[in-house]
Each structure stands twice: as structure tokens, then as C-alpha cells.
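Below are some notes for a colleague who is meeting this structure for the first time. They are set out as numbered points, to be read with the sequence and the structure in view.

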Amino acid sequence: MSRPRKPGIRYFPLDTDFFENKKVRRLTRAFGAIAASVLVNLLCTIYKDKGYYMRWDDETLAFLADELGLKVGTVREIVVKAIQVGFFDANMANLFGTDEMRSKGDYNGILTSIAIQEQYFNTCKQSKRSEVCYDARFLLISMKPYEKIVNSGENSINSRENEVNSGESTQRKVKESKEYTTTFTSEDLKLFFQNYIENGFGAISGLSKEILIDDANTYGIAWCNAAMEIAVSCNKRMWAYVRAILKRWNSQYNLSEKPWEVEASGTCKQSHAQFKKDVRAVSSSGNGTGAVDWTNDPDHF
């Protein structure tokens, strides 16, 4: 049995004139550079997880704000403005909400657009994917350009309308795929989630749950729990901070090792000291400046 493939894609092209786009420029004029950061983060989440859309509600908003280290109100205003200027489709953005909620900026629906969907399905077609599942409820484009894929036997794009009608959600398919690749028990995962909540990282649902499971699969629950403990000791209760620690460990240790024991004498001081050491180790270019990778510094999340 072959391993089920995630619906998302591993990379997507970003137009070189992205920052010159009128919609993006209106957002950056209103909110500054952080608007572009929020937009790129949303695009990465869309293409990585579902491929051509993402669920948007208050819980996703809170998780995104925590991930970027921004205030919930700031992220909400940026996303609302992005919907108003047409970066995301307005009708889809409030697909499950009411007009009253929309007037307050409390969108409850799907973040997607025609451009996002065309980019996703074109990428899948060019990469000759064997199967691409989609939920017809969230489509803004015609599948006619992909008829050859639809009608070519094994290389087909299959609609999930039948799954929806039979009571199966779109998320269930993704969940089954992740369960197939897990290396830990359901009890381990339950304790991991409990640890996340009890340490004040927030609630778990939707996007946050998928990200936690992905990281548990990538690094292992023991690593995740240990990194969480360090984040709490440094009073940095953000999963982005935990991820920065995990990423650094992964670059320096094998997954079978216990880096938190090696670095036990320093905890959060060790993290900062290691980052500074990495900065000093960066080779300088001809003009004397070094190419510093700030992604390894937990305080930059």
C-alpha cells in the first residue's frame, strides 16, 4: 500500500512584482511591512496544507498571531483589509458566517482566491500528480482546463463531493494521511496536547492541531515536549519559539539524541549563546558583511 499523499505542495512561485501588486501596496501603506509578512505566511499555510484554501475563524486568527508574535487585533485588521481589497475572495471568507459578523470583521469561512486556485492546480498538473482531491464547495475556478487529468484514469483529480454527502469532512482525509505516517501512539499525542495546553500555549483545534502533529512527526514528541519546557522557562509561550529551538537542534543533533540534556546547564541562555556563536561563524562577504540566518534566533519569532 502506497503512502497517502498530502494535498498541499512543497513550494510555490512568488511573483517578483509581488510587492508592487496594487492590493499588496494598499496593505503595506496601511500597516507597514508586517502586512507582507502576514500575507506570505497565509499563502505558505494555504499551499502547504490544503493546497488552494485554508479555514479562517477566530481560533486560526489567534494561532497565526501567536505564530508571528503579533497582536490578534493587528492580524485581524490586516486580514480584513486583505479581503476588502480583493486579495482573498470576500464571499468565501465569510462562507460560514453572517452579515453581522462580517460587519464586525469577524469572518468565518475560507481564505482563497482565483489566483491561488489556478496556481495550485496548475502546479499539480505540471508535476503530474497521480491524484489530487478537492472540495467542490470551495472552488472559484472551472475544472475544464484540467479535463485531461480528470479523465485520464489513474492521473485524475477527484472531487470530494461524495465524501461531503456521506458525512465525511475534508479534514478527515488529511487526518487519516497523518495518522498513517505517525510514529507515536494516540496516548502519547494526547499527553503532548495536554502539555501544550497546560503550559499556556493556547487552545488546540484546526490549523494548530495539524501543525502540532506535523512537528511531532518531524521531530518526535520527546523533542517537542523538551523544547516546550525550555520555552516556558524563558517565558516565551509561542509555538514559533519552540519551532526555532527544534530547528536548531535538528541542524546540530540526530533525532535519537537528547540535546536538552547536553544543553541543560544553559537552557534559554544556551539558546542565545548558541545563536551568537552561529552568527560569529558566518563567513563574511567581500564587503565585510555576513549573511546572518535570523531564523535560528528564538527571539525573532
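1. Asparagine 235 is exposed, with a relative accessible area of 59%, where exposed stands for over 50%, buried for under 20% and partly exposed for what lies in between (1.4 Å probe, protein chains only). Asparagine 235 sits in the loop between α13 (221–233) and α14, the helices (H or I, at least four residues) and strands (E, at least two) being DSSP runs numbered from the N terminus. The phi of asparagine 235 is near 60°, a positive value in a residue other than glycine. Most residues other than glycine have a negative phi.

2. A word on the basis of these notes: this is a predicted model, in which local features need pLDDT of at least 70 and side-chain atom pairs count only at pLDDT 80 or more, while totals for chains, interfaces and linings use all residues. Residues are numbered from 1 along each chain as its sequence is written, and side-chain values use heavy atoms, with hydrogens and water left out.

3. On salt bridges, a search of the whole structure finds six, a salt bridge being a side-chain nitrogen of Lys or Arg within 4 Å of a carboxyl oxygen of Asp or Glu. In one of them the side chains of aspartate 106 and arginine 76 meet, at 2.6 Å from N to O. This pair links distant parts of the chain, 30 residues apart, with aspartate 106 in the loop between α6 (99–103) and β2 (109–111) and arginine 76 in helix α4 (residues 72–84). Aspartate 106 is partly exposed at a relative accessible area of 24%, and arginine 76 also counts as partly exposed, at 24% relative accessibility. Asp58, Arg76 and Asp106 are linked in a network of salt bridges.

4. Which helices hold aspartate 215 and arginine 243? Aspartate 215 belongs to helix α12 (residues 207–219) and arginine 243 to helix α14 (residues 239–252), so the pair ties together parts that are 28 residues apart in sequence. The two form a salt bridge whose closest N and O atoms are 2.8 Å apart. Aspartate 215 counts as buried, at 5% relative accessibility, whereas arginine 243, at 23%, counts as partly exposed.

5. Helix α14 also holds arginine 248, whose partner glutamate 263 lies in the loop between α15 (259–262) and α16 (267–281), so this pair ties together parts that are 15 residues apart in sequence.

6. Is serine 208 buried or exposed? Serine 208, which lies in helix α12, is buried, with a relative accessible area of 3%. The C-alpha atoms of serine 208 and leucine 64 are separated by 8.8 Å, although these residues are 144 residues apart along the chain.

7. Finally, arginine 29 has its place in helix α1 (residues 22–31), and arginine 29 is exposed, with a relative accessible area of 61%.
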